[in-house]
Each structure stands twice: as structure tokens, then as C-alpha cells.
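Me: Walk me through this one, please. Start wherever you like.

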Amino acid sequence: MSAATHGQTPYYFVPGPSRHPIMAAIGLLFVIFGAGQWINGHGWGAYLLLFGLLWWAFVLQQWFRQAIGESEGGQYSDRIDVSFRWSMSWFIFSEVMFFGAFFGALYWTRVHSVPNLGDLENALLWPDFKAVWPSVAAGATASPAGIVEPFTTMGPFWLPTINTALLLSSGVTLTIAHHALRENHRGKTIAFMWLTVLLGVTFLFVQGYEYHHAYTELNLKLSSGIYGSTFFMLTGFHGFHVFVGMLMLLFITIRLMKGHFTPERHFGFEGAAWYWHFVDVVWLGLYIVVYWM
């Protein structure tokens with residue numbers, strides 16, 4: 001049963017039995033099954049995927065709303081705060097490993113796989129193959145069998161550089177908002193939070209335009225060999241994380257406008273800020289490794 005205690009904060013709040021976990025699992029089942037059917041040529045899978053996403057979003061809204069009510073109701077003690085901090089830390093660590101796998105794939109391909117395809121043994125099979133990364137030599141596709149259409153690589157100017165400035169600026173505005181909250185300047189906090197959200201939305205629009213430019217003008221696609229697949233997997237997953245982080249900041253801003261959080265207790269704000277700064281750091285790595293090298 002719930003550890004709620006009337007009139008005081010419980011030692012460690014334990015929520016009662018909840019329908020939310022199983023309901024969220026059902027939503028994810030619809031998402032995975034629908035997506036699997038869609039990519040295998042069944043058009044109805046797209047509708048099932050959409051239904052699952054809407055179901056899942058509704059369940060999360062209910063779940064988070066309940067957690068917010070428990071927090072604002074004084075049910076969360078310092079021990080719960082520590083648990084949240086550890087949970088968010090491990091979650092971000094898992095994200096580090098997630099992106100580390102993609103960065104590792106890019107490193108292995110550039111340093112080992114492509115050069116090995118150009119050694120003496122493979123020279124008999126593909127005598128005209130240039131074993132260089134496409135960004136190093138114009139016209140190279142890193143495809144020894146020549147099955148990849150010619151494409152142009154994406155350089156750092158100007159769209160990726162603009163996005164770098166946007167994300168770095170958002171990190172500054174978020175830090176200003178955090179300091180303002182700690183000093184109990186709520187109006188200033190809300191203003192800089194809205195500015196941070198706006199910078200995140202602008203980043204997403206710029207990246208969308210960058211993808212359109214890549215497909216229509218550079219002929220750079222997900223099917224453009226190992227360069228295209230690593231480019232879109234790294235930047236695409238990062239863009240998804242920016243979208244999630246932007247939603248987190250948006251909901252935190254709305255909570256601030258409703259009077260939630262105090263200068264002393266505001267881990268919901270801090271957790272979202274940790275995540276956003278992590279997204280910033282990942283982008284700096286992408287900007288250097290993917291666009292410059």
C-alpha cells in the first residue's frame with residue numbers, strides 16, 4: 001500500500017499499485033508491432049503505429065501527472081530526491097553508451113573497415129576502388145562494388161555551424177534560467193526557459209532543412225553507403241534526443257508558470273537541464289567528427 005502519511009512527508013514514499021506500467025507496455029507493443037508491419041509492406045501498420053504512439057503518450061501524461069501531484073503534495077522526501085538523481089544519472093549514462101556505439105561504428109569503419117577493403121587482397125576484386133572516406137576525397141563513396149550512387153558529403157558550413165551556435169546558446173540561456181530559479185527570480189527563469197525552448201525548436205527546423213538539402217541537392221541519403229547510414233543514424237538520433245529534451249524543457253516551463261518548484265527543491269528542472277547539457281555535448285562531438293573530419 002502507499003506509504004503516504006497525512007500531514008507530513010513520509011520517510012520514503014512508496015506508491016500504491018498502478019495501472020500505468022502495464023498500460024505503457026501495451027502501447028509499446030502496438031508501436032513495435034505496427035512499425036514492423038509497416039516496414040514490411042503492410043499499410044495498416046502505420047495506423048497501428050500511430051495508435052500505439054497516441055496510447056503511449058496518453059499513459060505517460062497520466063503517469064507524470066500523478067508523479068507531479070505526489071511531488072507537489074509533499075510526498076517526496078530528500079531520500080526520494082536522491083533516488084531521482086541516481087535514476088537520471090544512470091539514464092544519461094545509458095545514453096552515453098548508446099551514442100558511444102554509433103561513434104564506435106564510425107571510428108571502426110573509417111580506421112579499419114574501409115582501409116582494409118583497399119588492401120592488396122581486395123585490389124584484385126576492385127582495382128579502381130579508392131579506400132578513403134568520402135569526406136576526404138571528392139567523389140569517393142566507400143563502396144568497392146560501385147553500388148552506391150554518387151553523392152556530395154555534408155560539410156560544416158553553414159547549417160551545422162548555425163545549429164552549433166543555437167545549441168550552445170541554449171545551454172547558456174538554460175544556465176541563466178537555473179541561476180535565476182535558485183535566486184527565486186521566477187519571471188526571469190520563465191523568460192529564459194521559453195528562450196531555451198525556442199532555440200531548441202529552431203535547431204530542429206534547421207536540421208529538417210539540412211536533411212531536405214542533403215536529399216534533394218547533395219543526393220545524400222540513408223542508402224548512400226556507410227557514410228550515409230552513419231551520418232543519418234548519428235544526426236537523426238541526436239535530433240530525436242533534442243526533440244525529447246525540448247519537450248522536457250517545455251513541460252518544465254509550464255510547471256514553472258503554474259508555480260511549481262522552489263529555490264531549494266527543483267530536481268525536475270535540474271534533471272531536464274542535465275539531459276539538455278548532455279545533448280549539447282553529444283552535438284559538439286558530432287559537429288567535429290561527422291562534419292569536419
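Reply: Arg-85 and Asp-81 are four residues apart in helix α3, so about one helical turn separates them. Helices here are DSSP runs (H or I, at least four residues), numbered from the N terminus.

Me: What joins Arg-85 and Asp-81?

Reply: A salt bridge, with the closest N and O atoms 2.6 Å apart. The term means a Lys or Arg side-chain nitrogen within 4 Å of an Asp or Glu carboxyl oxygen.

Me: Before we go on, what am I looking at?

Reply: A predicted model, where local features need pLDDT of at least 70, side-chain atom pairs need 80 or more, and totals for chains, interfaces and linings use all residues. Numbering runs from 1 along each chain as its sequence is written, and side-chain values use heavy atoms, without hydrogens or water.

Me: Back to Asp-81 and Arg-85. Buried or exposed?

Reply: Asp-81 is buried at 17% relative accessibility. Arg-85 is partly exposed, at 26%. The cut-offs: buried is under 20% relative accessible area, exposed is over 50%, partly exposed is in between (1.4 Å probe, protein chains only).

Me: Which other residue is in their network?

Reply: Glu-270. Salt bridges link Glu-270 with Asp-81 and Arg-85.

Me: How many salt bridges in the whole structure?

Reply: Four.

Me: Which ones link distant parts of the chain?

Reply: Take Glu-72 and Arg-255. Their closest N and O atoms are 3.3 Å apart. Glu-72 is in helix α2 (residues 44-72) and Arg-255 is in helix α7, 183 residues away in the chain. Glu-72 is partly exposed at 41%. Arg-255 is buried at 13%.

Another such pair is Arg-265 and Asp-78, at 2.7 Å from N to O. Arg-265 is partly exposed at 39%, while Asp-78 is exposed at 52%.

Me: New topic. Which residues touch the most others in the largest nonpolar core?

Reply: Met-154, Met-193, Leu-220, Phe-231, Leu-256 and Phe-269. This core has 51 residues. Two or more residues each come from α3 (78-117), α5 (159-182), α6 (186-216), α7 (225-257) and α8 (267-292). The largest share, 14 residues, is from α8. A core joins buried Ala, Val, Leu, Ile, Met, Phe, Trp, Tyr and Cys through side-chain atoms within 4.5 Å.

Me: What does Leu-220 touch?

Reply: Setting aside residues up to four places away in sequence, Leu-220 touches Phe-151, Thr-152, Met-154, Ala-214, Tyr-215, Tyr-227, Gly-228, Phe-231 and Phe-232. Contact here means heavy atoms within 4.5 Å.

Me: And His-238, buried or exposed?

Reply: Buried, with a relative accessible area of 1%. His-238 is in helix α7. Beyond its neighbours within four places in sequence, its contacts are Phe-99, Leu-167, Phe-203, Val-279, Val-282, Trp-283 and Leu-286.

Me: Now the backbone. Which peptide bond is cis?

Reply: The one from Phe-157 to Trp-158, with omega near -5 degrees. Trp-158 is in the loop between α4 (120-123) and α5.

Me: Which residues other than glycine have a positive phi?

Reply: Asn-184, near 65 degrees, is one of them. Asn-184 is in the loop between α5 and α6, exposed at 51%. Phe-261 also has a positive phi, about 75 degrees. Phe-261 is in the loop between α7 and α8, buried at 8%.

Me: Why flag those?

Reply: Because most residues other than glycine have a negative phi, and most peptide bonds are trans.
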